[in-house]
Every structure is written in C-alpha cells, then in structure tokens.
Amino acid sequence: MPWPPAITDIEQLKDRPEVALLLASDTVAVEAVKFDRDELTIWVERTGLRDACRVLKGSELRYDALMDVTCVDWYPNDPRFEVVYHLFSTTTKKRVRLKVKLAGFDTSVDSLVPLWAGANFFEREVFDLFGIRFDGHPNLKRIMMPEGWEGHPLRKDYPVEGYR
Amino acid sequence: MAEMLARPPVLDSTEDRTMLINMGPQHPSTHGVLRLMLEIDGETIVRIMPDIGYLHTGIEKTCEAKFYQQVVPMTDRIDYLCPMTNNLAYCLAVEKLLGLEIPPRAQWIRVMLNELTRINSHLVWLGSHAMDIGAMTVFLYCFREREDILRLFEAVSGQRMMTSYFRIGGLALEPPLGFFDRVKKFNDRFPADIDEYEGLLTGNPIFINRLKGVGQISAEDALALGATGPTLRASGIDVDLRRDNPYSGYENFKFNVPVLKDGDVWARYLVRVQELRESQKIVVQALEGLPEGRIKAEAPKVVLPDREKMKTEMEALIYHFKIVTEGFTVPEGEVYMPVESPRGEMGYYVVSDGTAKPYRVHMRSPSFANLQTLPKMCEGRLIADVVAAIGSIDIVLGDVDR
C-alpha cells in the first residue's frame with residue numbers, strides 16, 4: 001500500500017499539538033513542517049532549538065526522552081547540514097522529529113546537554129563525524145575517531161575508500 | 001630558574017589524593033574493547049570517563065556506498081548478539097519507505113526469530129554477568145541452551161551468528177522441513193532451563209548480596225541519560241516498543257512487560273530473567289498461530305523472484321537481473337524505525353534521495369546511550385562494583401562503536 005503524498009503545508013498541520021505549541025511560543029521560529037509516512041518533522045530556526053525542546057519537554061505532551069541526535073549532509077546544496085533530533089514521550093509513546101538547517105561555513109548549534117545529559121555522547125558523535133559544533137557542550141571532543149584525526153568522515157566530500 | 005626546576009612544588013596533600021587508572025581496553029569484564037579511565041580515591045571511584053571507538057568501522061559510511069539490499073549483511077555486524085533484531089529494524093525501515101505490505105507468515109516468522117534472538121542475547125548476558133560476579137556454572141548452562149538456538153539459526157539461515165536472514169520485503173527462504181518442530185522442542189524444555197538458572201542465582205544469598213543496592217540509578221537520571229530497554233524498565237519506567245509502538249505484527253501477541261522500581265543491578269537481573277520467560281511465551285504463540293501463505297511481499301521490482309520462476313519466465317528473469325545489477329529505487333523520504341532490541345531501542349534512520357543507494361543510514365544503538373549511565377551508577381562507589389554495573393547494562397561494543 002503506497003503512502004499518501006507528504007503534507008508540507010503549515011496551514012494543514014497547524015492543528016497538530018506539537019506544531020501548535022511551537023507556533024505559539026515566541027522564541028521559536030518554525031521554518032517548515034512535514035507529515036510523511038506517519039512521521040512528523042518540524043524544522044526550527046537554530047537559535048530557537050533549545051527553547052523548542054524545552055517547550056515540548058515541559059508541555060502536557062511530555063516529550064521527555066531525547067532518543068537520537070544525528071546529521072545529514074546535503075552537499076553541495078545549501079544550507080548544507082541538517083541536524084536531526086528524535087524526541088519520544090514515555091507517557092504518550094509518541095514521536096516527533098526536529099530539524100535544524102546549518103550552512104556549511106557556520107556549523108554551530110546550541111547543545112541540548114542542559115536539557116538531557118544523554119545528549120552528551122550523541123553530540124560528540126555528530127561533532128566527530130560531521131564537524132558540527134555544539135555551543136555549551138561540556139566535553140566536545142572526538143569520540144569514535146582517534147584524537148588528532150583530520151576531517152569528518154561522514155561528510156559527503158570525504159571519500160569512502162582510498163587515501164585522504 | 002634552575003632552583004625552581006630542581007625542587008618541584010609541594011602539592012597540597014588533599015589535592016593529591018586521587019589516582020587515574022585504566023580499566024581496559026583489554027579487560028575480561030568489559031565485554032569487548034571498552035576503556036574506562038577511573039579516577040579513584042583509595043577504593044572509591046571519583047569519576048569514570050569511558051573511552052570508546054576501538055571498534056569503530058564506519059558502517060554508516062559504508063552503507064551509503066551500497067545498494068539497499070546490500071546493507072542487510074552490514075546490520076548483522078553492529079550488534080553481533082542480536083543480528084535478527086538489526087536485520088528486522090533495517091528491513092522495516094526500508095519497507096516503510098517503500099510502503100510495502102509484508103505477508104503475515106513472514107511477519108510471524110520474523111517475530112519468532114526475534115524472540116529467539118532475544119533469548120540468545122539474554123543468555124550470553126546472564127552467563128557472562130554471572131561469571132563476572134563469580135558464579136561460573138551458570139555460564140556453562142547458558143551456553144548450552146545458546147548453542148541450541150545457534151543451531152536453529154544455522155538451520156534457517158546457514159549461519160550461526162551473522163544470519164542476514166531477513167530481506168527487504170520478507171524472508172530469504174522458507175524455513176527448512178522440521179524447523180518448527182525443532183523450535184517447539186527447544187521451547188518446550190526452555191522454561192525448565194530458566195528454572196535451573198534461577199535456582200542457581202535468584203535465591204542465592206551470595207549473589208543477592210553482591211547485586212542488591214549496587215549500581216543504582218533513578219528513573220529521572222536513566223531517562224535523561226537516554227537509557228532504554230531493561231536498564232530503563234528496571235528503574236521503573238514502563239516502555240516497551242513491542243507493546244507501545246507495535247511493529248511486524250507484535251500487536252497480535254500477548255505478553256507482560258516486567259517493570260521494577262529499584263534501579264539497581266539486582267532489578268536489572270530480575271527484569272531480564274523475566275523477559276526470558278516472556279520471550280518464550282511469544283515463541284509459543286508464534287508457533288501456534290503461524291499462518292500459511294507467502295513469505296515474500298508481492299513486489300516484483302523489489303523482491304527477488306523465486307528460483308523456479310526465474311528460470312522459466314522471461315519477466316522474472318529481467319527483474320532478477322535488474323535487482324541484482326542495478327538495485328531498486330526507493331522513493332524520496334526519510335524514516336526512523338525503532339524496534340525493541342534485547343538492549344533497548346534500536347532505531348534505524350534511513351534517508352532516501354530516490355536512487356538505489358541509501359543517502360544516509362544512521363543507527364541509534366541502545367548500547368551507545370546505555371553506556372552513558374555507567375558513570376552515574378558507579379561514582380562514589382567501589383571499584384569492584386564497576387564490574388557488576390557493566391555486566392548489568394549489557395553493552396555490546398560493536399553496537400556502541402558501529
């Protein structure tokens with residue numbers, strides 16, 4: 001059974017509680033939304049990311065678990081990076097995906113460690129493999145690659161094999 | 001100047017109390033290559049700094065260079081104690097991207113094998129955890145039953161550990177003749193085996209005293225640190241994705257989710273042992289209600305045709321050739337597919353750009369997040385408790401490092 005086409009119109013999705021909450025907040029700027037394959041994605045302005053998470057965590061929706069932080073490199077498109085956050089609620093068992101777009105020349109975004117201590121390893125991994133900087137992270141250093149490694153292996157301009 | 005070099009400054013004795021020691025990377029109780037830097041004050045741990053990445057093989061990068069169907073064998077290597085769960089999570093993610101409907105028979109066999117995998121993984125955990133604590137016998141008993149499960153896997157997939165048995169759109173092959181009888185035979189005697197382990201451990205005062213109150217973590221801390229699976233459930237948070245976000249037909253099965261409040265090593269032990277029993281019940285239900293029918297989805301452009309058809313029908317031959325040489329294209333989009341692995345939430349985030357190769361495959365591995373709870377469990381306690389705590393969060397280093 002093929003999926004219905006993705007809904008990207010913010011007017012159609014503004015009644016969903018997650019979107020409504022973020023639209024109502026005055027520190028969070030919602031850039032775009034998408035509902036595709038039963039999964040809701042919200043793009044937020046990078047300055048409002050921490051507030052967006054705080055709103056979702058503190059509201060009655062109770063998105064109390066940060067399940068995953070990762071990144072997608074859309075090289076050579078611009079903005080190049082999308083940092084992806086998956087939130088989960090242990091009470092309602094629902095999920096939402098937040099995304100932040102970052103330009104290739106200015107790859108920094110607020111760290112979520114003040115909200116979830118568990119963001120620590122995930123953000124270090126994204127820093128290591130993509131070179132995204134997380135402002136306010138307590139210990140932002142390489143985690144997978146050896147110290148002193150050059151480059152960020154999961155970037156698309158990094159070769160899969162051969163010499164660097 | 002020379003005088004200063006000759007006479008090093010006298011350190012205040014209170015600042016000089018701690019010592020930094022390495023545990024690992026080669027240490028039998030770290031279950032792989034995990035290096036822990038322990039800052040200790042006498043026997044008490046002040047700080048733990050895990051150092052990981054020794055097994056980092058860049059699987060996520062490799063996946064981007066392979067066809068969708070070629071990624072399946074990569075997923076086995078991530079968590080080598082539960083290959084079927086990883087296969088399932090990846091296949092479900094791609095199937096969700098494609099919008100494929102999987103026939104019920106394939107779904108039920110997937111559930112059955114997944115629960116056998118959970119039993120397998122928990123047996124390795126139980127044996128090695130008990131051995132870390134000092135109960136040697138349990139290890140031998142657990143590996144005896146694990147051997148039976150590995151033989152079942154070998155019968156069904158030809159491989160004991162790196163099974164790669166699930167395919168996008170169904171299963172590789174129909175299970176061999178007599179396979180379900182063998183599963184039933186194993187399953188019938190397995191509850192007695194669990195009783196045997198519990199007889200050795202659950203009532204054993206040495207074991208209880210060693211584990212009770214050790215490595216405690218509160219529900220808030222466990223949740224904030226990203227713990228999932230038995231580690232989270234032993235702290236009192238009732239989340240099990242098989243029940244809460246059912247996938248692959250889990251909504252048709254009845255089982256309990258063991259939840260305990262204490263959050264110590266003992267609670268995690270009890271949760272996992274009860275999960276063994278629940279998994280056994282699910283296998284019984286899967287065997288009893290196994291539907292008849294196909295084991296592959298009706299999608300000629302994605303699923304390889306049957307061997308016989310491929311040799312006799314032109315159409316099937318063309319599809320076979322195209323899938324093998326060019327792969328199949330997947331519509332643009334992204335999917336995050338979480339499944340309940342023996343260690344917690346195993347999530348596959350797959351991004352497609354409309355070609356035959358995935359644009360990005362990211363694995364949210366449960367061990368990676370669960371490892372972050374270790375400092376919280378151990379700081380302020382004794383060095384010997386680290387061994388018990390590592391065993392109780394059941395990390396697999398392949399899963400941590402990917």
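Chain A has four helices and seven strands. Helices (H or I, at least four residues) and strands (E, at least two) are DSSP runs, numbered from the N terminus. This is a predicted model: local features need pLDDT of at least 70, side-chain atom pairs count only at pLDDT 80 or more, and totals for chains, interfaces and linings use all residues. Residues are numbered from 1 along each chain as its sequence is written, while chains are lettered from A and ligands numbered from 1 in the order in which they are written.

From the N terminus, the order in chain A is α-α-β-β-α-β-β-β-β-α-β. The radius of gyration of chain A, taken over C-alpha atoms, is 17 Å, close to the 15 Å of the globule rule for 164 residues, so chain A is as compact as a globular protein of that length. That rule is 2.2 Å times the number of residues to the power 0.38. Along the principal axes, the C-alpha atoms of chain A fill a box of roughly 50 × 35 × 30 Å.

Now the interior. Of the 164 residues in chain A, 40% are buried (20 or more other C-beta atoms within 10 Å of a residue's own, with C-beta atoms placed from the backbone). Take the contacts in chain A between residues at least 6 apart in sequence: 49% join residues at least 24 apart. A contact means C-beta atoms, placed from the backbone, within 7 Å.

Next, the partner. 33 residues of chain B are in contact with 29 residues of chain A. Elements giving two or more residues to this side of chain B include α2 (59-63), β6 (333-341) and β7 (344-352). β7(B) gives the largest share, four residues.

Technical notes. Two residues are in contact if their C-beta atoms, placed from the backbone, lie within 7 Å. A residue is buried if 20 or more other C-beta atoms lie within 10 Å of its own, exposed if 12 or fewer, and partly exposed in between; C-beta atoms are placed from the backbone.
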